[in-house]
Amino acid sequence: MSSQTERGVRALAEIPRGHERVAVYHRTLNASVDGIWANVLDWEHIPWLHATTFTSVELLERGANYWRARVGLAPRGLSRAVVLELVVDRPGLRYTTQTLEGPGAGALVLTKIQPRGPRTSDIVVEFHALVRNQIQRVAMRRAYERVYRVLWDEDEAMIERTDALAAASVKLRARSPRTRVKLGPRTSVASAGPLIVELGGRRVRVLRQGDELVAHDLLCPHMGGPLDEAKVEYGRVVCPWHGYAFELESGRCQRARGLCLHPTRIELEGDDVVLISG
Ligand code: FES
Ligand SMILES: [Fe+2]
């Protein structure tokens, strides 16, 4: 079990007595080490980025190098949940994720990171669990490998993007100067389906909502999530990384006050649609 020190820093979990290593997963990631730390300490993305594996997250506690949370397991209908604790040892380039409660309580995942380049890292993921027999061992190995392949596919895409935004020095909340472009007759724009338009160095999506045409910026101001295919519902666009919803009209986010999408709107000039950003 993990131990706590005075400054909200925890030691890595130790492999519980009687547990054995049931699987090892190796992978080279297009991801910086800093990107991996930011990703694993970001508990909030769990049910959004990993929606096929997890259904909810409730933060119970967190400190400088750890978090503990109750996490719902897919499928949603079964209402199963686990309490997970993740502890990071940055100097040691490793972290542990332990199941503290729920199905598989005690199981421990130890991940070791080996930097390969500025935006490339190898990871070795060891799965330690209590095993009763060979059939269970094989089933666990297959399940862990299958689930972790999916989780790391999703995390790698997120880290690749945040690394690329950092490398390009993209400021997530910077305002760009006002720019406008005429898109053409309303009927043609409306029938064209969702359009991605470059406007003053930014990317904007134009799409139909019922009889209306709406537009929004494609860069989430929270952590840079991609809004290219984000769900639009109830007049809001929902970021796929952490589920923050931004009002199309004002750009405002209800969950995080002060967080606003870059302003974008549509006007009609006669029969022509004009897109305005900034
Ligand atoms: S990046 Fe976090 S909600 Fe968009
Ligand atoms: Fe993740």
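This is a predicted model: local features need pLDDT of at least 70, side-chain atom pairs count only at pLDDT 80 or more; totals for chains, interfaces and linings use all residues.
Local features need pLDDT of at least 70 and side-chain atom pairs count only at pLDDT 80 or more, while totals for chains, interfaces and linings use all residues. Residues are numbered from 1 along each chain as its sequence is written, and side-chain values use heavy atoms, without hydrogens and water.

The iron ion (ligand 2) is coordinated by H45 (NE2), H50 (NE2), D155 (OD) and D155 (OD). The distances are 2.1 to 2.5 Å. Donors are N, O and S atoms within 2.8 Å of the metal (3.2 Å for Na, K and Ca); water is not among the atoms, so sites may look incomplete. Along the chain, the donors follow the spacing H-x4-H-x104-D. H45 sits in the loop between α1 (33–41) and α2 (46–49), and D155 in helix α3 (residues 134–167), 110 residues apart. Helices (H or I, at least four residues) and strands (E, at least two) are DSSP runs, numbered from the N terminus. The four donor atoms subtend angles of 55 to 151 degrees, so the arrangement is irregular. Four donors count as tetrahedral if all angles lie between 85 and 135 degrees; four count as square planar and six as octahedral if opposite donors are over 155 degrees apart and all others between 65 and 115; anything else is irregular. H45 is buried, at 4% relative accessibility. D155 is buried too, at 8%. Buried means under 20% relative accessible area, exposed over 50%, and partly exposed in between (1.4 Å probe, protein chains only).

The structure holds three aromatic pairs. Rings of Phe, Tyr and Trp (its six-membered ring) pair if their centres lie within 6.5 Å; planes under 30 degrees apart count as stacked, over 60 as edge-to-face and the rest as tilted. The ring centres of W37 and Y95 lie 6.2 Å apart with planes at 75 degrees, so this pair is edge-to-face. W37 belongs to helix α1 and Y95 to strand β5, 58 residues apart. W37 is buried at 3% relative accessibility, and Y95 at 5%. F127 and Y144 form a stacked pair, 4.4 Å centre to centre with 20 degrees between the planes. F127 lies in strand β7 (residues 120–129) and Y144 in helix α3, so the pair ties together parts 17 residues apart in sequence. F127 is buried, with a relative accessible area of 0%. Ring pairs link F127, Y144 and Y148 into a cluster.

Technical notes:
Chains are lettered from A and ligands numbered from 1 in the order in which they are written.
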